Amino acid sequence: MRKILSFLFLLSLTIASAQSSCATAVSVTLNSTTTAPAFTNETGTAPSLLCGLANGAGTKGKWYSFTPTQNMSVTVSTVLPQNGTKDTRLIVYSGACTGLVCVGANDDFNGANTSQVTFNAIAGTTYTIAFDNRYSQSTFDFTVMESAPAAPDRLSFTSQAVAGITGNYNNCVVDMNGDYKDDIVSAISTTQLAISYQQAGGTFTTSTYTVASTSVLPSWSIAAGDYDGNGFNDLIYGSGSGVVFLKANSTGTGFTTDRKTQSYLVQRTNFVDINNDGKLDAFACDDNAPNRYYMNDGTNLNHVQGGIGDFATGGNYATNWFDYDNDGDLDVYISKCGQGGSGVGGNIDQLFNNNGSGVYTNVAAAANMANPEQTWSGAVGDFNNDGWVDVVVGVNSNSNGTTNVKRNNGDGTFTSVTQGSGYDTITSVGREYVAQDFDNDGFLDVLGAGRTIMFGDGAFHFTPNPNQYAISDYDRPIGDLNNDGFLDIQNGTNVLFNNGNSNKWIKINLQGVQSNRNGIGARIEIYGSWGKQIRDVLSGTGFQNMSTLTAHFGIGQATAIDQLIIRWPSGIVDVISNPLPNQALLVVEGSSVLGNVSYLNSTFTVYPNPASTSLQIKTPDNIVIKSAQVFDLTGRMILDAPMINNTLNIATLNTGTYILVVADTTGKAYSQRFIKE
């Protein structure tokens with residue numbers, strides 16, 4: 001008791017009239033108690049952003065704020081003895097008053113009238129605390145206290161509606177305007193496309209584009225990738241009667257419709273460089289016949305049928321393109337709709353090995369990946385951080401047993417490690433299985449069946465998140481939608497914003513030069529005190545949605561990253577030493593000091609090199625340079641400027657070595673290294 005009293009005496013007590021709005025919020029300190037006067041004589045504006053609270057807004061509000069000096073878990077609470085049964089309603093925000101972002105909200109904590117919110121606060125971020133008079137006019141006390149950190153597997157999410165998301169068809173979370181922040185794509189109709197562009201603080205501005213009729217909509221799947229290499233992502237819709245491509249123009253502000261004539265029942269769609277020629281192709285699973293793909297000849301996407309998943313009775317539901325045998329080329333795992341638990345009709349999963357020259361051979365039986373479960377998708381990733389990609393085979397029918405966890409043995413075979421994994425006791429079924437590190441602890445988790453996240457521990461043990469949310473079974477693409485380093489979920493017309501924790505992270509965006517512009521098919525590795533983590537950049541994971549192309553790594557409480565390696569589809573290897581945690585990096589192919597210098601493009605010449613004030617660029621007569629970007633050797637863009645008479649002013653750059661990436665009027669990119677004197 002003495003210890004408790006001593007601690008209470010450490011608290012400061014503040015009695016302050018709440019100010020009238022967010023902009024004039026009263027500043028409070030950590031580990032303090034504040035008395036909020038009665039609403040009777042107050043005229044403060046009530047918060048209108050209720051962050052999921054029911055029963056509408058009050059008529060008056062009280063506003064406070066605080067800014068932590070270090071990362072910590074914080075609890076704001078009116079659950080205090082002196083408040084008795086006083087009825088309070090509490091909302092916590094972050095961000096500027098003109099664009100508040102929900103952090104947490106509560107009414108009737110644990111069934112009582114008082115309220116409490118616990119969240120992970122970030123150093124230097126100002127948090128706004130708001131109360132309203134929806135239920136009571138009386139005075140009350142509240143505390144702002146440092147609390148025990150939330151367990152990493154107990155993430156919370158705040159649901160927030162985003163105007164502009166239609167939610168009627170499968171949606172896409174990907175960067176659509178070239179700023180390397182995830183946006184949200186919604187197909188409104190066959191002639192309208194909406195893109196909700198991410199702004200600061202998790203807000204969005206939605207633009208609606210009119211397109212020539214697509215005839216079909218993404219009723220079964222959607223995928224994104226920059227197949228013409230102009231710097232803006234294009235789309236493919238998969239429908240019940242074929243596919244259509246929407247090709248972005250050179251400014252990303254308009255789209256050309258390319259409706260393909262083949263009519264078939266499409267399932268999963270992907271963008272992938274099937275023949276590794278540096279140009280993105282497209283792949284479409286055919287439910288009733290051999291699969292289809294569209295090969296990119298540099299001008300057109302040409303239809304091909306058969307050869308990968310070439311089984312006459314179809315049942316091709318989803319594909320994941322990744323390098324399972326670590327030989328440097330992409331292989332493909334096909335989730336098949338098996339029947340009755342025995343793969344009736346031969347519809348068992350397939351694994352196609354790429355021999356490096358574009359010949360794909362089904363090796364599923366020998367690899368122990370001829371899974372008979374009725375699976376519509378599988379989550380792929382390195383779940384035990386041993387450098388080999390594993391597979392969580394999802395199930396969509398209880399008659400086919402439970403989800404099957406397959407460990408990659410590193411010798412071309414897989415072993416089921418479902419027993420004791422946590423999935424052996426989970427009976428939920430679903431279509432959509434995707435692997436990401438939601439809690440940034442350095443181990444991949446799975447957003448799968450049961451409307452929950454299964455948190456991995458790095459040893460093939462998975463635990464469901466105890467904080468349940470009404471996550472749709474279908475419409476839930478993943479991306480960092482407020483650019484805070486924690487992955488969020490677009491859920492119908494809402495976004496589930498990840499409230500995060502104190503774990504650290506790094507995000508990698510790629511810009512290919514010899515490889516495809518997105519770097520799809522690249523293998524990214526990071527090394528540190530945890531050992532090794534890997535990601536393969538994939539377009540079109542899960543069954544039907546499109547999640548971010550940004551490679552996202554959590555590193556737990558580690559404070560340093562020793563090395564970052566990007567192995568591009570072209571064979572170029574970039575190595576970056578000691579990148580800082582908690583940042584987003586853009587890596588241009590061939591830009592690192594230790595990288596293979598064969599990326600240098602002889603199409604244009606840079607002179608003088610070294611240079612002090614300006615660079616001259618000489619090109620063949622048929623190439624017109626439109627813009628230029630300069631990157632330092634960690635991948636940070638430090639200059640983005642138009643070209644004037646093929647001259648770039650570099651006078652403001654510090655002395656050092658840089659990478660120049662220029663784009664011509666067709667959007668094609670070229671890269672050269674130069675030295676600033």
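**Close-up views of a predicted model**

**View 1. Gly124 sits in the loop between strand 8 (116-121) and strand 9 (127-132).** Strands here are DSSP runs of E with at least two residues, and helices are runs of H or I with at least four residues, both numbered from the N terminus. This is a predicted model, in which local features need pLDDT of at least 70 and side-chain atom pairs count only at pLDDT 80 or more, while totals for chains, interfaces and linings use all residues. Residues are numbered from 1 along each chain as its sequence is written, and side-chain values use heavy atoms, with hydrogens and water left out. Gly124 counts as exposed because its relative accessibility is 57%; exposed means over 50% relative accessible area, buried under 20%, and partly exposed in between (1.4 Å probe, protein chains only). Look for Thr67 and Pro68 too: leaving aside neighbours within four places in sequence, these are the residues in contact with Gly124, where contact means heavy atoms within 4.5 Å. Thr69 is 55 residues from Gly124 in sequence, yet their C-alpha atoms are 5.7 Å apart in space.

**View 2. The whole chain, for orientation, has 2 helices and 52 strands.** Of its 677 residues, 58% count as buried. Among contacts with a separation of 6 or more, 58% join residues 24 or more positions apart. The mean pLDDT is 86, and 89% of the residues reach 70 or more; pLDDT is the predictor's confidence in each residue, from 0 to 100. Residues 1-13 have pLDDT below 50, and this stretch has 11 contacts in the model beyond near neighbours in sequence. Residues 340-345 also stay under 50, with 11 contacts beyond four places in sequence.

**View 3. Phe245, Phe255, Phe271, Ile508, Leu510, Ile524 and Leu564 have the most contacts inside the largest nonpolar core, which has 56 residues.** Such a core is a set of buried Ala, Val, Leu, Ile, Met, Phe, Trp, Tyr and Cys residues joined through side-chain atoms within 4.5 Å. Strand 18 (residues 242-248) gives this core its largest share, 5 residues. Apart from this core lies another, of 21 residues, among them Val26, Met72, Val76 and Val144.

View 4. The structure holds 22 aromatic pairs. Rings of Phe, Tyr and Trp (its six-membered ring) pair if their centres lie within 6.5 Å; planes under 30 degrees apart count as stacked, over 60 as edge-to-face and the rest as tilted. Elsewhere, ring pairs link Tyr64, Phe131, Phe140 and Phe142 into a cluster.

**View 5. Arg292 takes part in a salt bridge with Asp286 and also places its charged end over the ring of Tyr264.** The closest N and O atoms of Asp286 and Arg292 are 2.9 Å apart, and both residues are buried. A salt bridge is a side-chain nitrogen of Lys or Arg within 4 Å of a carboxyl oxygen of Asp or Glu, and by this rule the count comes to 7. The charged end of Arg292 is 4.2 Å from the centre of the Tyr264 ring. For a charge to sit over a ring, NZ of Lys or CZ of Arg must be within 6 Å of the ring centre and within 35 degrees of the ring normal. Lys62 gives another example, lying over the face of Phe39 at 4.2 Å from the ring centre.

**View 6. Lys507 and Asp480 form a salt bridge, with their closest N and O atoms 2.9 Å apart.** Lys507 belongs to strand 39 (residues 504-511), and Asp480, 27 residues away, to the loop between strand 36 (478-479) and strand 37 (488-491). Both partners are buried. Asn482 lies in the loop between strand 36 and strand 37, and is buried, with a relative accessible area of 15%. Not counting residues up to four places away in sequence, Asn482 touches Gln198, Gly201, Gly202, Asp488 and Phe497.
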